[in-house]
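Here is a friendly briefing on the fold you are about to look at. Please keep the model open as you read.

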Amino acid sequence: MSDKKKILFVCQYFYPEVFRGNDIAFHLAEQGHDVHVVTGVPNYPKGKFYPGYGIFKKSQEYVNGVKVTHLPIIPRGNNKFMLMLNYFSFLVVGCLYMLWHAIFHKYDIVFCQQLSPVMMSIPAVLYKKLRNVPLYTWVLDLWPESLAAAGGINNKYVLGFFDLFVKSEYKNSDKILTSSRSFDQSILKYGDYKDKIVYYPQWGDGESASKIQDSDFKMPDIPEGFVIMFAGAVGAAHGMECNLRAAQLTKGNQNIKWVIVGDGRKLPWVQQYIKDNNLENTVYTLGRYPSETMTLFFEKADVMLVSLTDSPLFNLYAPAKISSYMASSRPIIACLNGEGGDVVKDAGCGWSVKAGDVEGLANLVIELSKTPKEILQTLGENGRKYYDENFDKEKCLKKLDEIIGL
């Protein structure tokens with residue numbers, strides 16, 4: 001390892017919230033570097049502060065050798081107004097903190113994990129400008145496109161306002177790490193940043209099943225039959241209308257069971273649709289469970305499902321759950337357009353269906369329910385091999401060391 005570095009890590013979300021940036025910060029600390037994370041009070045995804053945390057509680061702590069500063073922010077709540085207050089509270093408090101912090105503290109590197117909102121990168125940009133140190137930004141969500149695609153916001157003045165933050169982020173980043181190769185299409189609209197862009201994918205989350213089995217975790221009941229499982233956020237972007245309409249077409253085959261593991265703003269709609277269409281024996285919603293338990297759920301599935309609605313933005317994404325599915329050695333149905341389907345095709349680990357293709361998805365599921373287990377297993381093994389070569393966490397973390405010169 002090179003000399004010990006002082007690293008400032010900026011992201012609105014951090015442990016005990018579950019994001020892959022946690023792995024990065026802990027890895028850097030394990031390598032002997034001095035890591036300071038500046039984040040908000042944890043409240044994702046439920047919109048309420050985690051037990052033991054608050055505006056005046058646990059503002060600083062050490063986690064796995066990492067110093068963590070929790071800035072006071074407004075919790076996300078359960079509506080768009082509160083969400084925007086949450087976003088801007090971190091922006092304002094984060095910038096005020098950096099103005100003061102930069103006077104007394106010098107870091108060698110600034111690393112920003114940029115999820116939604118894009119404004120979380122601005123405190124990192126501010127510190128970089130004040131202290132003239134390298135800034136590495138890992139882009140996992142594209143703005144302002146996300147506002148239009150997922151938030152339904154199309155006002156050109158609003159989008160133009162958020163566009164200012166994006167321009168500042170890309171201009172001031174020394175390297176722009178992207179979780180999807182297709183993100184280049186959006187980023188290059190802002191300038192000739194080809195030399196800045198580095199593809200840096202997300203790895204699978206969760207621990208091995210053997211570790212979880214030693215804990216007190218109790219699995220919920222998984223229905224018997226051919227199980228197609230969707231795991232993760234259940235939101236407006238995730239193609240739930242298509243999935244449930246396809247499930248309705250498979251209802252006559254009582255052996256086919258659709259299982260949804262996760263939570264989100266769309267879940268109440270999903271549960272009402274199940275009730276209205278008498279799908280109680282076809283579609284099962286299990287709710288949200290810790291990410292480290294997902295391996296146990298995946299083991300109960302015959303096929304995993306990843307889906308998105310059709311959108312120019314979503315076509316650029318390769319959802320992180322694809323790598324998690326691959327790590328579990330399960331075959332994958334990708335009901336989406338663009339990069340996500342291309343990854344599944346390249347890995348030879350499943351099938352791709354166009355976003356919103358209800359009949360195509362239903363027919364494929366019916367066909368797979370009759371497919372020999374050995375064929376499904378082979379495809380799952382292909383995914384695991386591709387994961388080991390491209391998405392393995394240790395390989396990705398070593399690659400990061402190379403990118404930032406550690």
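## Helix pairs

The model is predicted, so local features need pLDDT of at least 70 and side-chain atom pairs pLDDT 80 or more, while totals for chains, interfaces and linings use all residues. Residues are numbered from 1 along each chain as its sequence is written, and side-chain values use heavy atoms, leaving out hydrogens and water.

**α8 with α13**

- The axes of helix α8 (residues 240–249) and helix α13 (residues 358–369) come within 8 Å and cross at roughly 50°; axes are lines fitted to C-alpha atoms, for helices over the stretch in contact, and angles run from 0 to 180 degrees between N-to-C directions.
- Helices (H or I, at least four residues) and strands (E, at least two) are DSSP runs, numbered from the N terminus.
- The crossing of α8 past α13 is right-handed; that term applies if the near helix is turned clockwise from the far one by less than a right angle, and left-handed applies if anticlockwise.
- On the α8 side the contact (heavy atoms within 4.5 Å) is made by C242, N243, R245, A246 and L249, and on the α13 side by V358, E359, L361, A362 and I366.
- Sorted by class, the contact of α8 with α13 has seven nonpolar, one polar and two charged residues. Here Ala, Val, Leu, Ile, Met, Phe, Trp, Tyr, Cys and Pro count as nonpolar, Asp, Glu, Lys and Arg as charged, and the others, Gly among them, as polar.

**α1 with α15**

- Helix α1 (residues 21–30) and helix α15 (residues 393–403) have axes that come within 11 Å and cross at roughly 65°, and the two are therefore roughly perpendicular to each other.
- α1 passes α15 in a right-handed crossing.
- D23, I24, H27 and L28 of α1 make the contact with K393, L397, L400 and D401 of α15. By class, this contact of α1 with α15 has four nonpolar, one polar and three charged residues.

**α3 with α5**

- The axes of α3 and helix α5 (residues 156–172) come within 10 Å, crossing at roughly 45°, and these helices are therefore oblique to each other.
- The crossing of α3 and α5 is left-handed.
- I122, V125, K128 and K129 in α3 meet F165, S168, E169 and N172 in α5. The contact of α3 with α5 has three nonpolar, two polar and three charged residues by class.

## Sheets

**The parallel sheet**

- Six strands form an open sheet with parallel pairing, in the order β11-β10-β9-β12-β13-β14; two strands pair if DSSP finds at least two bridges between them.
- β11 (283–287) and β14 (350–353) stand at the edges with a single partner strand each, so one side of each is left without a neighbour in the sheet.
- The twist averages 20° from one strand to the next.
- Strand β9 (residues 226–231) is joined to the parallel strand β12 (residues 303–307) by three bridges, and I228 has V303 as its bridge partner in β12.
- Helix α9 (residues 267–276) lies across β10 (256–261) and β11, running at about 150° to β11.

**The mixed sheet**

- Eight strands form an open sheet with mixed pairing, in the order β3-β4-β2-β1-β5-β6-β7-β8.
- Its edge strands, β3 (60–63) and β8 (197–199), each pair on one side only.
- Neighbouring strands of this sheet are turned by 20° against each other on average, direction ignored.
- Four bridges join β3 to the antiparallel strand β4 (residues 66–71), and the bridge partner of Q60 in β4 is T69.
- Helix α2 (residues 80–104) lies across β1 (6–10), β2 (34–40) and β4, at about 145° to β2.

## Backbone details

- Most residues other than glycine have a negative phi, and most peptide bonds are trans.
- The peptide bond from S116 to P117 is cis, with omega near 10°; P117 lies in the loop between β5 (109–114) and α3 (122–131).
- W143 and P144 are joined by a cis peptide bond with omega about 0°, and P144 is found in the loop between β6 (135–139) and α4 (145–149).
- N64, in the loop between β3 and β4, has a positive phi near 50°.

Key. Angles under 35 degrees count as roughly parallel, over 145 as roughly antiparallel, 65 to 115 as roughly perpendicular and the rest as oblique.
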